[in-house]
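I opened the model to go through its two sides and the contact between them. These are my entries, in the order in which I looked things up.

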Amino acid sequence: MSVSDEKEKSIFRYLSEYDRRIIYFLLFIVVVGPLISPIAMPISVSPDSKQYYDVLRTLGSNDIVLTVLDTEFSGYMELQSGVIASTRMIIEKESKMAVAISHPEATIIPDILFGALKDLMDAHHYTYGDSYLVLGYIYQNEASVASSAEDFQGFVRQDWQGRPIKGTFLEQVRSWKDISLIVSHTTGILSGSVMNHFALRGTRMIVNCIGGMIPGQKTYLNTGILKAVLPAMRGGAELESLIGIRGLGTKAMDAFTLGHYMLIAFIIIGNIGYFGYARPRAQKARTGG
Amino acid sequence: MSAFFKSREVILTAAGLAFVATFVPYFVTIPELSVISTKLVTITALVNAFTLALAVHSQFMRGMYFVRRRSRGWILKAYMMVTIVLMVIFATMGQDKGPYNWVMLAIVNPLSSVNYGILAFYMASTCARAFRARNMKALLFLAAGFIVLFYQAPLTGSIFPGIEPVALYLTDTFAMAITRTFTMSVTLGAIIFGARVLMGKQPQVLGLGGE
């Protein structure tokens, strides 16, 4: 065996057995780098995001939207661009909005959300009580969702700070029939229950979900139970693009794109290492050569 | 009297009636039954809310057991109980400001986000190491994965718009077929499980496990 063969084999061996911390380090660089210094790569808009956008565009000032924050705070990191862009559209349409929460960690999100949209809310005179209400952590389980769908007034009597909903726009909501649209921002905690008790009965429902949930949610989109699915952070960026703002999602797309390309590159490198070193070695071990 | 309410027949009859009261109104409009169904569901929701208190109680019972015996990790259990007590006290001071708000913003939410964010590193490493074209099936899987991964990167679609129909074909046919199969299997399993409960063949669910 020549010296060059030895060297070639050592390269394949390295590609097959490199330290995984190299992936961690490079992923850190390709994620943090573009966040610090954005490249502003162009993005395409998927049909799913366009459909989601079209549903929100149908809203009017007489509509009542139930926004469900069905996420832990961790999941919110992936969903937030879609959450902010969707809420922005609802405010621009001046629809009424009630925010329900299904995880204790999400109780902090409305403050962050409405804080980020304060200027827009002021411009549209979108005020607490008249235009929107935060109901707090009202969805602990499927029974609570079912109860709100069947007897909203019996189940919800006050907002998250104990102020009665009587006298607000929510007074006219008796059951699922009185909700114009449900916007579920979900990591899958109770979105299935919301779908069972609202959407399956006829309430229009759209979903902004994390990446791992997209294939599952699309089956319900395909059957018409859901009216649209916004695919995670990428969907959020696309929605931002459709409404003409450059928000958190758009800024994250550089890192998102580079991260995907890096992953593909490492899969290719791993396969070169596999065919150049690991596979021949395994075959040799099997045959005893 | 308590023996009567604990009897298998009474519990199964109550479960059966509750099932009929909540299931039938989905298909047949009977106003009286709908009222009963709505009330029953609301009562269930409220009773369920109290399970949070039960969960705290259970955690304390278990935590105290560890602390008393000085079992391995007892200090963590003690820490957990202290934080539960503190959060309950903080929550009574208001949730939109004060210590509860601070703990959520400064401790719980950053830790939760980090917990989620570091998954990307493990997933990237796992993908890079696991996806090998070991045979023809794996090669096809890898090819499909590449197309979908390239499509998922938003830049690709704007440079090569032709990738979109191919990626959507893969996700809307093969991926959706598998997802539907999975969903239907889970649903059928749930229906069968429910039927077994009502027939008394899953007694543990109704608290009849000891009989």
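**Entry 1: Ala232(A)**

Is Ala232(A) buried or exposed? I found Ala232(A) buried, because 23 other C-beta atoms lie within 10 Å. For the cut-offs I used, a residue is buried with 20 or more other C-beta atoms within 10 Å of its own, exposed with 12 or fewer, and partly exposed in between, the C-beta atoms being placed from the backbone. Ala232(A) belongs to helix 11 (residues 232-243) of chain A. Helices (H or I, at least four residues) and strands (E, at least two) are DSSP runs, numbered from the N terminus. I noted a positive phi of about 50° for Ala232(A), although it is not a glycine. Most residues other than glycine have a negative phi.

**Entry 2: conventions**

The model is predicted, with local features needing pLDDT of at least 70 and side-chain atom pairs counting only at pLDDT 80 or more, while totals for chains, interfaces and linings use all residues. Residues are numbered from 1 along each chain as its sequence is written, and chains are lettered from A and ligands numbered from 1 in the order in which they are written.

**Entry 3: the sheet of chain A**

I traced an open sheet of 6 strands in chain A, with the order 3-2-1-4-5-6 and parallel pairing. Two strands pair if DSSP finds at least two bridges between them. Strand 3 and strand 6 (228-231) of chain A stand at the edges with a single partner strand each, so one side of each has no neighbour in the sheet. On average, neighbouring strands of this sheet are turned by 15° against each other, direction ignored. Axes here are lines fitted to C-alpha atoms, for helices over the stretch in contact, and angles run from 0 to 180 degrees between N-to-C directions.

I then went through the pairs. Strand 1 (residues 64-70) and strand 2 (residues 96-101) of chain A run parallel and are joined by 6 bridges. Ile64(A) stands opposite Lys96(A) of strand 2 of chain A. Helix 9 (residues 191-199) of chain A packs on the sheet and touches strand 1, strand 4 (181-186) and strand 5 (205-209) of chain A. The direction of helix 9 of chain A makes about 170° with that of strand 4 of chain A. Contact means that the C-beta atoms of two residues, placed from the backbone, lie within 7 Å.

Strand 2 of chain A is joined to strand 3 of chain A by 5 bridges, again in parallel. Met97(A) has Tyr132(A) in strand 3 of chain A as its bridge partner. In strand 3 of chain A, 5 of the 6 residues are buried, so this strand is largely enclosed by the rest of the structure.

**Entry 4: His125(A)**

I located His125(A) in the loop between helix 6 (118-123) and strand 3 (132-137) of chain A. His125(A) counts as exposed because it has 9 C-beta neighbours inside 10 Å. Its C-alpha atom is separated by 34 Å from that of Asn141(A), 16 residues apart along the chain.

Helix 5 (residues 74-92) of chain B has 19 residues, and its end C-alpha atoms are 28 Å apart, which agrees with the 27 Å it should span at 1.5 Å a residue. The expected span is 1.5 Å times one less than the number of residues.

Arg70(B) sits in the loop between helix 4 (51-69) and helix 5 of chain B. I read a positive phi near 50° for Arg70(B), a residue other than glycine. Arg70(B) counts as exposed because it has 8 C-beta neighbours inside 10 Å. Just after helix 5 of chain B, Gly94(B) takes a positive phi of about 110°.

Tyr100(B) lies in helix 6 of chain B and is buried, with 22 other C-beta atoms within 10 Å. Leaving out residues up to four places away in sequence, Tyr100(B) touches Met87(B), Phe90(B), Ala91(B), Met93(B), Gly94(B) and Gln95(B).

**Entry 5: the contact between the chains**

How many residues does each chain bring to the contact? I have 44 residues from chain B and 47 residues from chain A. On the side of chain B that touches chain A, helix 6 of chain B gives the most, with 9 residues. The residues of that side divide into 23 nonpolar, 17 polar and 4 charged. Here Ala, Val, Leu, Ile, Met, Phe, Trp, Tyr, Cys and Pro count as nonpolar, Asp, Glu, Lys and Arg as charged, and the others, Gly among them, as polar.
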